[in-house]
Amino acid sequence: MEYTKQEFMAIVTGREISDGELIILGVGLSMLAGYFARRNHAPNLRAFTEGGVYGSTPVGGLPWGIECNRISANATSFTNAIDALGFLVASGRCDNAVIGAAQVDKYGNVNTTGIWEEPPWKLGKYPPPKVRLNGSGGANDIAVGAKKYLIMASHESRRFTQKVDYISSPGYLDGGDARQKAGFVGGGPAAIISTLGILRPDPESKEFYLDAYYPFTTVQEVKEATGWELKVSPEVGVVPEPSEEELANLRAVDTTGSLRKKN
Amino acid sequence: MQNKLISMQEAVATYTWDGMTYCHGAAFPVGSDSVAFGKEMVKQGKKDLNVICHCGSSQVNLLAAVGAIRRCEVGFSGLEVYGFANGLNRAVTSGQTVIEDYSNGAMAFRLFGGAMNWPFVPATVNINNDQQWCSGDEPDTYPASNKIPVIADPFTGKTLGAFSSLRPEVAAIHVTMADVAGNAIMLGSEWSRFEMSRAADKVVLVADKIVDTACMRQYPNLVRIIAEVVEAVVYWPYCSWPQASCGLYDSDEEHVFYMNQAMKTAEDTEDYCQKWVHSYQNRDEYLDLIGADKLAQISATETAFLMDPYRQWIKTDAEVRELEARRKG
């Protein structure tokens, strides 16, 4: 069966989403994974976006943004950011979410803000970045408030780093009980779904280890693409390939084939 | 009922000035926004701006690209699927624009604090990570201590942060439709426009459509921005272009990419401004510049049916002109 890595990643992310959950979805892969899940196995998924767009099914392909007309054409409610990110997310009510990452570290901390020659935490200063990214958007609110969330990232050693340049959205901070001590209402990242496999946090140390890898890669390749000494589960498995039905359901959501363009 | 219709030129000349704290409102990042207001600020050469926005959108991208932004507080500065905002990123990496990052939620909570006239807002998000520790205003200190200071919950003793409240001097808010007094209905996500309209010292609306006040009397629950807090109303069709306005037009995909590409360098930005910012003097010329074919194309939106309940109250261009003339006269 033919599919792209991006499609596989979206399907694997979708499998981590359960029926009935209240879930906040961001633009791009996050939205595709969420609406794929709803179509495939979670018909009662309660999905919404940061600006408070509820009850929608995207039309005409991947929305250009979270409030794009493609997702506003059949909404049941439009509210606002205080409602969506405040009342439902920062409050701790939201069950699940999907966020992206330019960089992610071994404790699931996400950077979407910038890349520095020397990161601020090392430098002890905060100069302008070498590369400016987008900022956290709603992801910080999600990372702090959602009961759990999923991180999607392209698996490359420059992105899977020992320590991110800047924590835009906190995972388990320095690991162990650091997140608990920080007093965040939400539970933290449940998994990192990458283009090569699934990483999950160790229950004690909170360090992410390899739980399963995709059929087209190897444990060695995943380790080489990871910027920290990646631990591997003794029961490490191979992620089941997308079924025909899953692919059909994903492509019914990704009507313009945005995930088929990249590999 | 007071008629507050004024021209875009007059609105920008009256309500913006060099060094001001300017806020713009929208259904971000690539949805509706008062983009045309930002273009008029470029035309009039406004500079040294302290910008407060939920998300940057093409407006901040352009203002930063021409070097007009000294400082910017923002939740999300990119253009989502369209990519990074090249103009803003160029201004930030060169050190021209100081950026102060918060989350999207935080920006809304801080505007709410401003609307309430609270001295600060308790912060349970953005704390214990670099959103708190990195401050563009305190570049020599890490971790920064003044951006989101640590406070104790007086009831439990638990550690929290304190967000400063936001009180922008002026907010230019895009709305789908407004009456001449400044009552407005927004279709699509409000994002933070409701609290923004109550937090800003002065509010200028930029409306895609002007409607009769009877429309507001039919749907008073939907009128989230009220005449009582609005100083001026500008009629500017396709105000968000090349971005979208829910119910009226989709984003002009080709132009968003083209514009963002141009923002990469100062030379191309200047070229872009000559062609697409300085080249029109009024609404008709603006629409001519976009072109009838493009207007027809982006107006064929799947969300068009959302406007159906309001159509009977929409003023024609000629009617709006008469109302504008009446106010002036």
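Predicted model: local features only at pLDDT ≥ 70, side-chain atom pairs only at ≥ 80, totals over all residues.
Residues are numbered from 1 along each chain as its sequence is written, and chains are lettered from A and ligands numbered from 1 in the order in which they are written.

Okay, chain B overall. You'll find 13 helices and 12 strands in chain B; these are DSSP runs numbered from the N terminus, H or I of at least four residues for helices and E of at least two for strands. The C-alpha trace of chain B spans about 60 × 50 × 40 Å along its principal axes. The radius of gyration of chain B is 20 Å, which agrees with the value near 20 Å for a compact globule of 329 residues. That radius is taken over C-alpha atoms, and the globule rule is 2.2 Å times the number of residues to the power 0.38. Now contacts, meaning two residues whose C-beta atoms, placed from the backbone, lie within 7 Å. Among those in chain B between residues at least 6 apart in sequence, 75% join residues at least 24 apart.

How is chain B divided? Into domain 1 (8-101 + 167-325) and domain 2 (121-164), with bounds that come from an automatic or database domain assignment. Their centres, taken over C-alpha atoms, are 32 Å apart. The contact takes 4 residues from domain 1 of chain B and 4 residues from domain 2 of chain B. On the domain 1 side, these residues are 2 nonpolar, no polar and 2 charged. For the classes, Ala, Val, Leu, Ile, Met, Phe, Trp, Tyr, Cys and Pro count as nonpolar, Asp, Glu, Lys and Arg as charged, and the others, Gly among them, as polar.

β5 (120-123) of chain B pairs with β7 (residues 159-164) of chain B, antiparallel, over 4 bridges; pairing here needs at least two DSSP bridges between the strands. One of the bridge partners to look for is Ala162(B) in β7(B), which goes with Pro122(B). β7(B) also runs antiparallel to β6(B), joined by 3 bridges, and here Val150(B) is partnered with Gly161(B). The hairpin of β6(B) and β7(B) has 6 residues between the strands, and Gly157(B) takes a positive phi near 85 degrees in it.

The peptide bond from Tyr142(B) to Pro143(B) is cis, with omega near 0 degrees, and Pro143(B) sits in the loop between α6 (130-133) and β6 (150-152) of chain B. Another cis bond joins Trp241(B) and Pro242(B), with omega about 10 degrees. Pro242(B) belongs to the loop between β12 (232-235) and α9 (253-262) of chain B, and Tyr238(B) is found in the loop between β12 and α9 of chain B too. Tyr238(B) has a positive phi of about 55 degrees although it is not a glycine.

Is Tyr238(B) buried or exposed? Buried, with 22 C-beta neighbours inside 10 Å. Asn117(B), also not a glycine, has a positive phi of about 60 degrees, but Asn117(B) is exposed, with 10 other C-beta atoms within 10 Å.

Over to chain A. In helix α1 (residues 5-15) of chain A, 9 of the 11 residues are buried, so the helix is largely enclosed by the rest of the structure. Phe8(A), Met9(A) and Ile11(A) are among the buried ones, and the buried residues of α1(A) pack against elements including α2 (29-40), β5 (96-100) and α9 (244-253) of chain A.

There's also an open sheet of 3 strands in chain A, ordered β7-β6-β11, with mixed pairing. β7 (110-111) and β11 (160-161) of chain A are the edges, each with a single partner strand, so one side of each has no neighbour in the sheet.

Last, the interface: 55 residues from chain A meet 54 residues from chain B. α4(A) gives the largest share of the chain A side, 6 residues, and that side divides into 28 nonpolar, 21 polar and 6 charged.

How values were computed. Buried ≥ 20, exposed ≤ 12 C-beta atoms within 10 Å, placed from the backbone.
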